[in-house]
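Dear colleague,

I am handing over the structure below for your attention. My notes on what was found in it follow directly after.

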Amino acid sequence: MIELQNVTKTYKIGGNTNYALHNVSFQIQPNEFVGIIGKSGSGKSTLLNMLTGIDFPSSGSIHINGTELSSLSNRRLTKWRSSNIGIVFQSFHLIPTLTLLENVMLPMELSRGVSRKARKRRASELLESVGLKERIHYFPDYVSGGEKQRAAIARALANDPPLLMADEPTGNLDSENSQSIFALFEQLVGEGKTIVMVTHDQDLAERVSRTIHVKDGKVSGDNRIQDHERLI
Ligand code: ADP
Ligand code: ADP
């Protein structure tokens, strides 16, 4: 489903070339729940930005569901991304002037041919499925951090993408809310989604089905965790 081949990303700082990623190769199969683990500065965000097509490798290739991201024009990439990848951020990135319902409806605007009524219905159902039935008409500033992240996950699911990518999704949440976001991800994996999650959280990292460790821009470890070994 995801295939990276010799992905290198460099940044030029002054006269120096800094390798944010250096010859990274791996594959992720459908329905995996992958934690990307590493210290600050190791290259995790850079890696996630490559996987979402927010930024592109200096060399090497990334294929997702057979599409090479760097081969798409900006316009096609935006369209491709909206139906293939849901993205979840540490700081939620909800639009404060829209209600939770309107935030979740927003990504559906790109899919033409669906009536506003149908979009509204789907957005309500998604919010209900993440436990926010009572909050759909609230503005983001009036709900808790955990609720904001649930709404952001509902928004990421709006166009039913097979893949969810999350950058430190629990980084701004307390342990109880982190646990419930994690439980929601487990439920989504149970429903067939593939999830790639960057995390610092050691407790959560022990509960995914695979961990890819990043150190100094390289993969320093790749462990598949058998179900019977997982701390569920
Ligand atoms: P992490 O997400 O693991 O904290 P990053 O991917 O943000 O790591 O960064 C990896 C390395 O690349 C770091 O050394 C960082 O300083 C460098 N880096 C990341 N983004 C940029 C940028 N836009 N310009 C220059 N250097 C960058
Ligand atoms: P997200 O966009 O995932 O919610 P943040 O808003 O915390 O997360 O920041 C996005 C990325 O930008 C982070 O991964 C972090 O490494 C980087 N970043 C954020 N603030 C700074 C900063 N002041 N200096 C350098 N990098 C930063």
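Please bear in mind that this is a predicted model. I begin with ligand 1, whose surroundings consist of Tyr11, Asn18, Ala20, Lys39, Ser40, Gly41, Ser42, Gly43, Lys44, Ser45 and Thr46. Oxygen atoms of the ligand take part in several polar contacts. A backbone N or O atom of glycine 41 is 2.6 Å from one such oxygen atom. In the side chain of lysine 44, an N or O atom lies 2.9 Å from an oxygen atom of ligand 1. For threonine 46, the distance from a polar side-chain atom to an oxygen atom of the ligand is 2.5 Å.

Asparagine 18, in strand 2, is the bridge partner of tyrosine 11. Strand 1 (residues 2-13) and strand 2 run antiparallel and are joined by nine bridges. The open sheet as a whole has four strands in the order 2-1-4-5, with antiparallel pairing. Strand 2 (16-28) and strand 5 (67-68) each have a single partner strand and stand at the edges, so one side of each has no neighbour in the sheet.

Helix 4 (residues 116-129) contains 14 residues, and the distance from its first C-alpha to its last is 20 Å, close to the 20 Å expected at 1.5 Å a residue. Its buried residues are Arg119, Ala123, Leu126 and Leu127. These cover an arc of only 95° around the axis, and therefore lie on the same side of helix 4. Helix 3 (100-105) and helix 5 are included in what covers them. After helix 4 comes glycine 131, with a positive phi near 85°.

Helix 6 (residues 175-190) has 16 residues, which at 1.5 Å a residue should span 22 Å; its end C-alpha atoms are 22 Å apart, in agreement. Buried in this helix are Ser178, Ile181, Phe182, Leu184, Phe185, Leu188 and Val189. Because these residues fall within an arc of 155° when seen down the axis, they line one face of helix 6. On the other side, Glu176 and Gly190 are exposed. The buried residues of helix 6 pack against strand 3 (33-37), helix 5 (145-156), strand 7 (163-167), strand 8 (194-199) and helix 7 (202-205). Glycine 192, which follows helix 6, has a positive phi near 110°.

Yours sincerely

Definitions and conventions
Residues numbered from 1 in each chain as written. Chains lettered and ligands numbered in written order. Predicted model: local features only at pLDDT ≥ 70, side-chain atom pairs only at ≥ 80, totals over all residues. Heavy atoms only, no water. Helix = DSSP H or I, 4+ residues; strand = E, 2+ residues; numbered from the N terminus. Expected span 1.5 Å × (residues − 1). Buried < 20%, exposed > 50% of the residue type's maximum accessible area, 1.4 Å probe, protein only. Arc of directions from axis to C-beta. Contact = heavy atoms within 4.5 Å. Pairing = 2+ DSSP bridges. Near = heavy atom within 4 Å. Polar contact = N/O pair within 3.5 Å; in protein donor to acceptor, adjacent residues only side chain to side chain.
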